[in-house]
Amino acid sequence: MAACVRDREFTSLLSVEFLTQLGLHKRRYVMGIDTFLSGNRSVLLAYDQGLEHGPTDLNQVNYDPAFIMKLADEGRFNGIIFQKGIAEKYYTGKVPLILKVNGKTQIPKGEPIARQNCSVNRAAELGAKAVGYTIYLGSEHESAMLEEFGRIQEEAHAQNLAAIAWIYPRGAAIKNDTAPEVVAYAARAGLEAGADAVKIKYTGDVETFRWAVKCAGKTKVFMSGGPKAASEIDFLKQVRGALDAGATGLAVGRNVWQSSDPMKMALTLRRLIIEDKSVEDAIKD
Amino acid sequence: MAACVRDREFTSLLSVEFLTQLGLHKRRYVMGIDTFLSGNRSVLLAYDQGLEHGPTDLNQVNYDPAFIMKLADEGRFNGIIFQKGIAEKYYTGKVPLILKVNGKTQIPKGEPIARQNCSVNRAAELGAKAVGYTIYLGSEHESAMLEEFGRIQEEAHAQNLAAIAWIYPRGAAIKNDTAPEVVAYAARAGLEAGADAVKIKYTGDVETFRWAVKCAGKTKVFMSGGPKAASEIDFLKQVRGALDAGATGLAVGRNVWQSSDPMKMALTLRRLIIEDKSVEDAIKD
Amino acid sequence: MAACVRDREFTSLLSVEFLTQLGLHKRRYVMGIDTFLSGNRSVLLAYDQGLEHGPTDLNQVNYDPAFIMKLADEGRFNGIIFQKGIAEKYYTGKVPLILKVNGKTQIPKGEPIARQNCSVNRAAELGAKAVGYTIYLGSEHESAMLEEFGRIQEEAHAQNLAAIAWIYPRGAAIKNDTAPEVVAYAARAGLEAGADAVKIKYTGDVETFRWAVKCAGKTKVFMSGGPKAASEIDFLKQVRGALDAGATGLAVGRNVWQSSDPMKMALTLRRLIIEDKSVEDAIKD
Amino acid sequence: MAACVRDREFTSLLSVEFLTQLGLHKRRYVMGIDTFLSGNRSVLLAYDQGLEHGPTDLNQVNYDPAFIMKLADEGRFNGIIFQKGIAEKYYTGKVPLILKVNGKTQIPKGEPIARQNCSVNRAAELGAKAVGYTIYLGSEHESAMLEEFGRIQEEAHAQNLAAIAWIYPRGAAIKNDTAPEVVAYAARAGLEAGADAVKIKYTGDVETFRWAVKCAGKTKVFMSGGPKAASEIDFLKQVRGALDAGATGLAVGRNVWQSSDPMKMALTLRRLIIEDKSVEDAIKD
Amino acid sequence: MAACVRDREFTSLLSVEFLTQLGLHKRRYVMGIDTFLSGNRSVLLAYDQGLEHGPTDLNQVNYDPAFIMKLADEGRFNGIIFQKGIAEKYYTGKVPLILKVNGKTQIPKGEPIARQNCSVNRAAELGAKAVGYTIYLGSEHESAMLEEFGRIQEEAHAQNLAAIAWIYPRGAAIKNDTAPEVVAYAARAGLEAGADAVKIKYTGDVETFRWAVKCAGKTKVFMSGGPKAASEIDFLKQVRGALDAGATGLAVGRNVWQSSDPMKMALTLRRLIIEDKSVEDAIKD
């Protein structure tokens, strides 16, 4: 029975033509990643910065995961991104969960690597609908992370969880990680590696980001929210640019919960992304 | 039956809201870490310095684990911390056991790493209620330890043992391991990694340590006793500061068993921590 | 039953004399690699350059795996080479699939290594008839790749998939990777390692490539298409040379799908390789 | 039945108080290490120098493991220490066997490491009553050896074999490996790591070695025989010193089988160690 | 039943005295290595040079494994040494097979290592009666190879295959790999590691090689044929020297199949080694 479910879901990852050929074309195409969509758009709330950057990112309100959990729920985010420890102690089940299964601090110098720190089984037990994994493309340790993501992706799909890749070009060989050709490479690597979605940085303009989105093919593209922008308008324009370039949405943390009014920012982003409004309309609403 | 117990205990690690949603809210919240508490406070006796620092920490009385075991019992400590070898040969079962499952000597130079040297199964067979694991945050090998702790934590929870992380920022990138932002980072990393409790150093003042405790969220914070203080008063004031900042308690070794009167020191700490007295009252009692 | 099939197929890998001695000589010699042959020749379409070199290899048409899949089908290629992610989302089942199970970007400097990023089981589930694996012969990490290919080859044969080795001499010790002795070494290493076929670079002339083909023995030799040639004639002459030297065929990507008329190029190659025509006849047809 | 035996034996490793608490106090305390004792003393014959130092340690008589096996038997040694290969081909079963399960040559420079080269299962099949493992404490690879010993110790105890640790401080950080604080550290590390016995070097005097023995606690201490001493009297005085300091005995190789009369030396050591005679009485008998 | 066979064969590896004690003395002493003997002598044909040195060792005749297989059969060799790939495609079953289960090219510089590239199970499926494994004694990676050989030897014996160690002292610490003390060390390491036979280089004279053979004890010694000798007489004298020193035989490749008349050389070696003739008689026959 379990095997049956597994088979049905697994085939849903295959192309429609191949499914047709196998006589399976009538099955609905259901994938873990769909859980995180409103229509074909999505806004995810990321909250693993405490591990990645340390508490310097946090203040007296947003340090509390319970505040973030509530914000995700009331701000109607399509997903919440936690490390295992926070999910275990604070996840309420009210917003679909993406469990980040690797992570590192920003302290060690040298070529970056982050190893799996949570099993896919544990993620599933916690109620996650997707796992997230960072690949530092271009690092000397790139190969170890491509290998590990490959295994995790297969384990995730076997349990009907989506596999989302944070693809961050890094290491001595990377001079500018938002250069158009670097971002497009990240997007493409995610497609080839089997990611259901990638989280990548914005290139700075619609034209070059559109190429990155094309290179990602059927892999959905989430723009990475990044550090707090100089102004909200600037940030919203970037998001609008990513959407116009074909992105599915945004995975955002600091630009929401470091905002002076996080809930307002959440609703603005929802109008911009889910309701597909212009920056001007999204703000004034 | 075993599976049933496992499920019940496992769910106890989840947030109350999520349990409620799953219809499991009536179950008592019982966790391994509670075993080590008197009310909401705790004093743990640490005795793995023979491996970590060598016998230079020991004298003609405290070199003997049987003396320490007796001290832990009669001094009414909430837990005793041993490496596997000492637990096997000296543990009497009279005080809850935290088995330290990694360790290293202080001899090798370079970026620190300590690998698992005792299985979680073995810890459970020895009667442990928790496992302890050191993560040298910031070491070049940080990723290997985050990965290993991630696996150990899952194995421990599957057997209803708590997982306690000693989080010690170290390596070339760490200039001052008691700097407030470093200690807060250690606390937060423990929460995100899924530790039930962390053992971290004191920052030196209540204000900054309170921030560290906040960053640890629902992960309980134990102040690390550290090397023998210049005076007992100074040490007790630090502990009082940690408690005022919200710490659950203290994991202490040398400041007790290197004391001229270990039992008196044990009882003083108990009054200070468990009975929540002032330093002055704790001493004079 | 499955075990029976496995045994029958497995023995097909053994030499005819040994099969005869074991009383199994009447069994037909069927091997995964035969799936990719038209007679004794083959043209494979490679499309993992997005990961290996990045989207700089791609343009506004060929970036799309669906275009490539169609090209492979209509151009009557004997096989299509994809990474896992592209196979999952675009493979239609209309052309035999070779799943590439390792890969790396061109970003990291230093001695090259690419680790397995797709299980053999997953390749089989996707309908692959062969797995492909790159060995960077001469790299400091050579031994890790020979070891990994050894295991993958056994797993592949156990599921009746062929194992094809991309053998690329690389690293500080390699001065010229198309030198005749280097290419012959690559071919021989593929035979000794148990590859059903190798993909190697052309040496530049028939004579020296014939020696490489001889050194590969019963392991089939595919010339590696390499970067877009200066002129199509030059490229076709190289392919003709490889065939005259005894190669089974060509694994080609950029010289087809970067061509101004990919379908024409595909058909030209088919006439050259499968119909064994001269360069002149292949072009004019 | 096997499980029953296992349980009984396993509990024998626990402290008497804990056994009492568990209601198991009537069980006899039987441990693998007892197999190697005459009363509370022991002389072990070590013969793994062929691997550790090479045949330069051997001569035309003692190169032959059959000679050593006979010497161990007729010299009434309490145990014989072999690597797997010698045990398989020469062990007669007449003297309890300690199988050394790691080893290295003295050729490679740099930080020392020796990995497990014989499984615990194989040691048990060969009739061993204990496994031996060297930990190069202080080596950059210390952590790998503490981890491996931890696993081996658990496997050994599960089969009722004793686990003996050769603890040799080494590497760039060690200036003098017989300094009292270094030897005491080695002894203590053995206790904490769960060794049933440690083999350590002599410090040079009774006083400082007594401290090392104390630091080893319930872990039995074997003095390491070391290279052939300048005179037999000097060597015997060292052994007498170790015994007076509380050592259980001696693990000796070269000072016996490089002696002009190995059997006489064996019997002298037996009188000194097992019969607890003075150096003078042991010699003259 | 299989378990029974396994037990019977396993005990055959133990010493006669220990077997007697266990009541198993009536069992015939049958070991995989005996398969390769004519009386107590043996000549093995090695053909893994294509991987180890590259096709520079090969010519227009001997590049073909089928030629070598025929030569091994008609030259009445006691065994043939192949890598997995050649065994799979060319082995006819007419000569006992030794499957070499690791290997490397001569390209990478630095401390040598070769990892396992064929499972013991696969070797057994291919009909091998022994596995061969190279240990680069003295390499920085020595420990990894001693560990791997230890595991392979146990797996091989469990399937009644012999385990033969190529022991080649290498790396920065080795100045002269045919120095008598170096060769004797290699021989001894093979015995201690549990090899049924070792393949080592000749020291240059009978006296010093006799010591190496003695140090190998019951482990059989094969002289390594090495590169093509200046003259055949010189080579045959070396082989005669090795035999006079007590060697079991020769593992030879290039001095046979690079010879102007390989079959004649094969028969000469057979007379010299198996029929134990002098160099003069072996040649003239």
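Asn160(D) counts as partly exposed, because its relative accessibility is 32%, which lies between the 20% and 50% cut-offs. This is a predicted model. Asn160(D) sits in the loop that links α7 (142–158) to β5 (162–167) of chain D.

The loop of Arg76(D) runs between α4 (65–74) and β2 (79–83) of chain D. Is Arg76(D) buried or exposed? Arg76(D) has a relative accessible area of 52%, so it is exposed. The cut-off for that class is over 50%.

## A buried aspartate in chain B

Asp57(B) lies in a loop of chain B, between α3 (49–52) and α4 (65–74). It has 12% relative accessibility and therefore counts as buried. The cut-off here is under 20%.

What surrounds Asp57(B)? Leaving out residues up to four places away in sequence, Asp57(B) touches Gln49(B), Asn62(B), Arg254(B), Trp257(B) and Gln258(B). There is also a polar contact between two side chains, those of Asp57(B) and His53(B), at 2.7 Å.

## How the copies are related

Chain C can be superposed on chain A by a rotation of 72° with 0.0 Å of shift along the axis, and the RMSD is 0.0 Å. The two copies are thus related as by a five-fold rotation axis. Which residue of chain C has the C-alpha nearest the axis? That residue is Ala144(C), with its C-alpha 10 Å from the axis.

Chain E superposes on chain C through a rotation of 72°, with 0.0 Å of shift along the axis and an RMSD of 0.0 Å. In chain E, the C-alpha nearest the axis belongs to Ala144(E), 10 Å away from it.

The size of an interface is often given as the accessible area lost when the parts come together. Between chain E and chain C, the buried area is about 3,400 Å². Carbon and sulfur atoms give 57% of that area. Three residues lead on the chain E side: Pro55(E), Lys89(E) and Ile107(E) supply 20% of the area that chain E buries against chain C, more than any other three residues. In terms of contacts, 42 residues of chain E meet 37 residues of chain C.

How many salt bridges cross the interface of chain E and chain C? The rule finds 1 salt bridge there. The side chains of Lys84(E) and Glu154(C) form a salt bridge, with N to O at 3.0 Å. Polar contacts between chain E and chain C come to 19 residue pairs, both residues at pLDDT 80 or more.

## The chain E side of the contact

Three helices of chain E, namely α3 (49–52), α5 (84–90) and α6 (120–125), each supply at least two residues of the side that touches chain C. Which helix gives the most? That is α5(E), with 6 residues. By class, this side of chain E has 15 nonpolar, 16 polar and 11 charged residues.

Note on methods
Residues are numbered from 1 along each chain as its sequence is written. Chains are lettered from A and ligands numbered from 1 in the order in which they are written. This is a predicted model: local features need pLDDT of at least 70, side-chain atom pairs count only at pLDDT 80 or more; totals for chains, interfaces and linings use all residues. Side-chain values use heavy atoms; hydrogens and water are left out. Copies are superposed by least squares on the C-alpha atoms of residues with pLDDT of at least 70 in both. Contact means heavy atoms within 4.5 Å. Buried area is the accessible area (1.4 Å probe) that two parts lose on being put together, summed over both. A salt bridge is a side-chain nitrogen of Lys or Arg within 4 Å of a carboxyl oxygen of Asp or Glu. A polar contact is a pair of N or O atoms within 3.5 Å; within protein, one must be able to donate a hydrogen and the other to accept it, and residues adjacent in sequence count only if both atoms are side-chain atoms. Helices (H or I, at least four residues) and strands (E, at least two) are DSSP runs, numbered from the N terminus. Ala, Val, Leu, Ile, Met, Phe, Trp, Tyr, Cys and Pro count as nonpolar, Asp, Glu, Lys and Arg as charged, and the others, Gly among them, as polar. Buried means under 20% relative accessible area, exposed over 50%, partly exposed in between (1.4 Å probe, protein chains only).
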